Amino acid sequence: MKKVIFLLVLIFGFTIFNAQEVEKLIKNNNEFFTGKIDNSANLKVLFETISTENQEKDTYKVFGFSDVEGTKAYFEGTITLDAEKTQNSKDQSKIYDLKLSEKGNGKHNGIFSGELTLKESSDKNQLKFEGTWTNYGNTLSFPFYFNN
């Protein structure tokens, strides 16, 4: 019985550590992730707040803002581990589903949906976000990517 309790404590402790580590990586030392939207416009993204929404499913609730060439839009969203994609990853990366909903209802407000690929290494952990941004009216849709 002691072995079972020890194993459960060990697993629970690893889950909490892992969640805190992922939160720290997404926070990126309070620095911008940089990239492009529509393969042309400069895109910067800052995650201001990250919290664990569901530790069992590795789901994180995020708040922050995007900056496309000086135009800021605040967002909230979720980042959730995709266990199947992670298991099938050729380079042992962790793959997360990403959905960030911008606040506002203008023509240039919408949803970032796609994936976060987290490749851990002893040198530097690499985070790459990519997918499609679509405005709320479904009249604009652009590919995006940003990374550290």
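Residues are numbered from 1 along each chain as its sequence is written. In this predicted model, local features need pLDDT of at least 70 and side-chain atom pairs count only at pLDDT 80 or more, while totals for chains, interfaces and linings use all residues; side-chain values use heavy atoms, with hydrogens and water left out.

The chain contains two helices and eight strands, taken as DSSP runs numbered from the N terminus (helices: H or I, at least four residues; strands: E, at least two). From the N terminus, the elements follow the order α-β-β-β-β-α-β-β-β-β.

The eight strands close into an antiparallel barrel in the order β1-β2-β3-β4-β5-β6-β7-β8. Pairing requires that DSSP find at least two bridges between two strands. From one strand to the next, the twist averages 25 degrees, with axes fitted as lines to C-alpha atoms and angles running from 0 to 180 degrees between N-to-C directions.

Strand β6 (residues 110-119) pairs with β7 in the antiparallel sense over 10 bridges, and Leu 118 has Leu 127 of β7 as its bridge partner. Five residues separate β7 and β8 in a hairpin, and Asn 138 in the turn has a positive phi of about 55 degrees. Strand β8 (residues 141-147) is also joined to β1 (residues 33-37) by four bridges, again antiparallel, and Phe 146 in β8 is the bridge partner of Gly 35.
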